[in-house]
Amino acid sequence: MIMSTKTYAPLDGNEAVARVAYQLNEVIAIYPITPASPMGEWADAWMSEGRPNLWGTVPSVVEMQAEGGAAGTLHGSLQTGSLTTTFTASQGLLLMIPNLYKIAGELTPCVIHVAARSLAAQGLSIFGDHSDVTSARATGFAFLCSASVQEAQDLALIAHSATLESRIPFIHFFDGFRTSHEIQKIELLEDSVLRAMINDERVFEHRSRALTPDRPVLRGTAQNPDVYFQARESVNPFYAQCADAVQEAMDKFGELTGRNYQLFEYHGAPDAERVVVLMGSGCETVHETVDYLVAQGEKVGVLKVRLYRPFAGIKFIEALPETVKAIAVLDRTKEPGSAGEPLYQDVLTVVQEALFSGDGSLKAKVQNISTIVGGRYGLSSKEFNPAMVKSVFDNLTQAQPKNHFTVGINDDVTQTSLVYDPNFNTEPDSVVRAMFYGLGSDGTVGANKNSIKIIGDETENYCQGYFVYDSKKSGAVTVSHLRFGPDPIRSTYLISQANFVGCHQWLFLEKLDVLKAASPGATFLLNTPFEVNEVWNNLPLEVQEQIVRKGLKVYVINANKVARDNGMGSRINTVMQTCFFALAGVLSKEEAIAQIKKAIQKTYGKKGKQIVEMNLKAVDNTLDNLFELPIGDVTSTFRRLPAMPDNAPDFVRDVEGKMLIKEGDELPVSVLPCDGTYPTGTSKWEKRNVAQFIPTWDPDVCVQCGKCIMVCPHAVIRGKVYDEGQLANAPATFKSTAVRDKDFSGQKFTIQVAPEDCTGCGICVDVCPAKNKSQPSLKALNMEEQLPLRETERTNWDYFLNLPNPNRTTLKLNQIKQQQLQEPLFEFSGACAGCGETPYLKLVSQLFGDRMVIANATGCSSIYGGNLPTTPWAQNADGRGPAWSNSLFEDNAEFGMGFRVSIDKQAQFATELLTKLAGTVGDNLVQEILNNHQTSEADIWDQRERVAQLKASLQNVDSPEAKQLLSLADYLVKKSVWIIGGDGWAYDIGYGGLDHVLASGRNLNVLVMDTEVYSNTGGQSSKATPRGAVAKFAAGGKPSAKKDLGLIAMTYGNIYVASVAMGARDEHTLRVFMEAEAYDGPSLIIAYSHCIAHGINMQTAMSHQKDIVESGRWLLYRYNPELAQQGKNPLQLDSRAPKKAVKDSMYNENRFKMLTKTKPEEAKRLLEEAQQDINLRWQMYEYLAARQTGNGQIKTEE
Amino acid sequence: MDLTTTYLGLNLKSPLVPSAAAPLTENLDNIKLMEDSGAAAVILHSIFEEQLEKEQYELHHHLTYGTETFAEALTYFPEPETFHVGPELYLEHIRSCKESVNIPIIASLNGNNIGGWTHFSKLIQEAGADALELNIYDIPTDMHTTGAQIEQNYLDILTAVKAEVSIPVALKLSPFFSNMAYMAKRFSDAGADGLVLFNRFYQPDIDIDELVVRPNILLSTPQAMRLPMRWIAILYGRIESDLASTSGIQHGKDALKMLMAGASITQICSVLLRHGIPYIRTLEQEMVHWMEENEYESVKQMQGSMSQIKCPNESAFERVQYMQGIQSYHPDSFTFAP
């Protein structure tokens, strides 16, 4: 063993792996995908800091346009001799598969690190299971699996060592989120260990095989039937030796570190009769459960699979105890239609082979085995706890154990699930188990990560932190699970018996059962807005009951006040952290305070003295405000609110409502749609009440321009025009005024806010142009506290919804004030407060929602649009509305193209049938239908009426053609196909497909919501990222200019291309959307979308768009091919020449500004280049827009 | 022509010194151009205590806003090991300037309350600045703060900074003291090596169309030099501190007036923003031309010649003159300046 001081640190799996991978590679090809993105982010950040690898050179980290691209670069870099890696997960790994075959086929050493994640099937999931890695198991890569953060670090190194020794490329994988994001205190690897594990001779051999003109060879041949087969078999010796190479690396590693690993590692009773076989983080839970059961005298054990491919059958058999009689193989994946899941099949195969083998000792090892069953567990990070493990062992004691079972769910359809006792608990009392409920915005998770670091660094305790997040991006609830204890923590499952519960937001008490997991006698820390003597009487009945029944000790603090008073705003993290340490007893109070202060210095020191002092002050002022709550009698007269109102549809209330209150785990299989189809119009039932302040309307000041309605990202501000008579039964506080628009003279006008759906972003107030003449600090909309308004405005909102919607056929849609009276069919999304994308989606839903079908690329819009439980895509009173689907990230344009081709086909067939059936349904009707070009809203409505007539008359016709037409008749009404996504999709991963689809000439509409960064995965650079912006994967500032997607599209000549920025010119945006949809061909709208990832003031983000356009950073233009057909220049530049320095707009955004704080010289250089980019781009567009178009005739010399 | 002068113990080749203004002095190339155009020294733009604090808060806010909320996007920015959130960049700028030019570099430090930031002055000295201009930028609006408290605050800051450094310290002042002469004396006694008269405070405008207050910064006009010129003239010879003028210098003759009033140097800013940095040479030529025509030999010869203690009509600088001016005003005789 190398003797050195052991260094421990709390890290998550991604960081632990990235540290090793960075050290051992020269080239790293990256692309963002959850949950693997942080590995790439670490690598990029370290490169930008100039951190060298093991050999003293700084690795080249390159971001690619897709995982397919990353795999290609990986392959190429390996082929030319560099040690190369990549990081990925899920669909990303699938995109790499073609290259994986190549890399393995060419016996190329490399290691890919995978944070294993579910694959999108009936729905996408970002969470962990082995669907991805098992899908790649046939590629020829070796697969090494880590079960914990410590292992992830260690096996990363072992994989790198073994690949060089064996020439077999490796996928090193560990469970997404459970390991990739779990924080554990681990023993760090010294450089000397890495040095000793990597044989430079093997590195030189790898280099010597490189493609180089100095030693030219040919690789990548096309082979024929005569030799391909034999050549494929030529690699067998390498695979035969691979397992030994891995074990040798493991043995060497054991000598160096004292941590010993086996290919198949058995743990449990030496005389075990029942053994569970599995791989990944679940091994830790089974390990813990086995210890518990063995202590109780049970003969059980666990066989942990570390080397999954090549599957070393003999080693597997050798690892089993001879006493084993029954085996349960657990797969964290599902292969519908298979004979069994892959690991189960492997085990069956090797046991059977052992029985058939001529090797007596092998035979003897398995002769007692009478049962091998397989089961599925933990898909999409589904909880897998000791209770479930016990049920798996119990199943093996049955005379007829259930096979192909599931555990952890209630499968009431095909009865596959094992029953388990949820009260079974193996956790020792020595472990401090703390749960914290927080809001994303209050800093709870950050504080908990900090606490883990303090305890991990400053005490002998082991620690573990795991964090459960929300499906919403605004008002999101976070639940932190922290464990501390004297022994290594193997509990890879959520806490169900907490001895400390922190509720950091009072409002959770009325929504969630925060004390469900509190164990008897636990400490409950509550952040309350009330005085201590008022707290008890304001607790819901369920909370009072649990406090009394479980004998909880309750402590309260008005953390918001303490935070506010100390300049921390709504971030109560430091205050609550101080309370936790004061109460939890992990450290003495004085020691804890000292350590928190030290941690503050460490965490915030680099951000400046002010930040440190602000936090230190908060610590000092906390404990005087922390009080123990006297426990009263259970007297409360109110209960927790229902998740959904009683009048919500059954499915919404009973199924989606459960998901909402974090009880979705309890839903049985039978209640879930079997094909991934869910109802729309469901977000309206979810009253989130996340805003502290909401806008209120002043009718006397309002100019009724409709701008507030247009920009509202959450469709919570709406306007209606109606007859005065409608006010007869209006609530007393319902506001109304005379309409100003002469087209509606004599009628009334109301702007109404949905108080419980508003996120309080304040964008409406910012754009409101109407100021109170006596007090210009007030506008027609002003923010006021939500709570006092909640009841009255809820009543007003309900009343408002029942007022009639306008007649769509008579609205002047070119005027925002009238167009914005259209009902939005995209409402109350879970997007970030102040989102820059959603106003565009709402607009498109208002204009075309009742006849649109949407292909939505994976990204923010697919998450706030389609992440369960509810969706913002809505329906109108007729039951019409956008039909929406998400296929993948990379194929969205093609997916939408499929919609178009299919719909056109159906419409064409309907037209053919209609013509044939003219005699039957009436020639006049047929002609009217066929001759209606449907170019206006009125035409569409006429067409719908005629089609209704047609369908009515077809009902009575008994012919095959009539039946066909009846099923297709609705396609005679124009359908609007929209292909929607972000810049990551359009500029990068989906660009090839987008290009092809745009070139098709088909009538489809592409909306690119350009946030200039991969927003959904946390702000990685895309080709839309402007020069000089700091983003993940561009930590040193994006060195190149933004791609001009619009200009590329214009080169086709027949594509309508427009660039808009709603905040800069809303009427331009409206015009573009109408023109694009009307254009009978492909259209591309590139819409500037501000984003939380820009580091801007979200409240003024729309008006900031004006600065961006005025500086020329974003151009407004339209390229309309119809103008070219009229002999005009198709390009119209709709914004003026830049009049502001780009610096003045850029440095209002942290993404640019922060580079001046990290790399000031680089910032200066990039700023100058960015200004030059903008100047040159403007000059080019000015030239293009001004040029005289030719007539297509070229004069030739006589 | 001998244009040399001394200011804060620095021997300068002329009294023309570009004053603290970020657009002029942020860029190293500009500093070099100033030297080439005849600037005798450069006063760098100010490092603002308030701005540094604001930037720290902003950076912290944006690096934490929206984080740890959504499983796919736990943060939105990379977080490097170090941020230059303190005065480092400014100090680096001082170092670069010192390496690039031979003329003295006077740094400028701006704050309005005693605090840790006064320590920056030491760092500024260590970075190589030849002197420090301390700009106490305060517009008191608190109705509970007395004039005496404000005056003491100024003195406390000056004392704190003087305690940190050995390089000369000039104090840039506002004219809004009850008794400017008394305060000038106190600052001088407290160790101010120079007084810079006067700071031009931000005076916003009202936009009646948009109903907003606009931070509309105006370049100084020739009228702006009257106030500092009077006070320089009054103070000259009565206090130990050197006097520097700032505001309103548009022509060589303006500079000459200031020198005659008693200024050691004349700081120039608006004129350079209007005409460009090389205009320093024009100002210098205008001065030389006038001095030659009027047979002056040196700047020193004229410095303070028209101060209150030396000028022929000393009461002209006092209030009574204003009264006489008003009383002798007749609308018919008033003409607009061209």
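Within β18(A), Phe484(A) is the bridge partner of Cys463(A). The two strands concerned, β17 (residues 462–468) and β18 (residues 477–485) of chain A, are paired in the antiparallel sense over seven bridges, where strands are DSSP runs of E of at least two residues and helices runs of H or I of at least four, numbered from the N terminus, and pairing requires at least two DSSP bridges. This is a predicted model in which local features need pLDDT of at least 70 and side-chain atom pairs count only at pLDDT 80 or more, while totals for chains, interfaces and linings use all residues. Residues are numbered from 1 along each chain as its sequence is written, and chains are lettered from A and ligands numbered from 1 in the order in which they are written.

Helix α16 (residues 444–458) of chain A packs on the sheet, where it touches β1, β8, β16 (432–439), β17 and β18 of chain A, contact meaning that C-beta atoms placed from the backbone lie within 7 Å. The sheet is open, with nine strands in the order β1-β8-β17-β18-β16-β19-β20-β21-β22 (chain A) and mixed pairing. Because β1 (8–12) and β22 (627–628) of chain A stand at its edges with a single partner strand each, one side of each is left without a neighbour in the sheet.

Turning to the interface, 31 residues of chain B are in contact with 39 residues of chain A. On the side of chain B that touches chain A, helix α3 (residues 49–64) of chain B supplies the largest share, seven residues.

How values were computed:
Contact = placed C-beta atoms within 7 Å. Axes fitted to C-alpha atoms, helices over the stretch in contact; angles between N-to-C directions.
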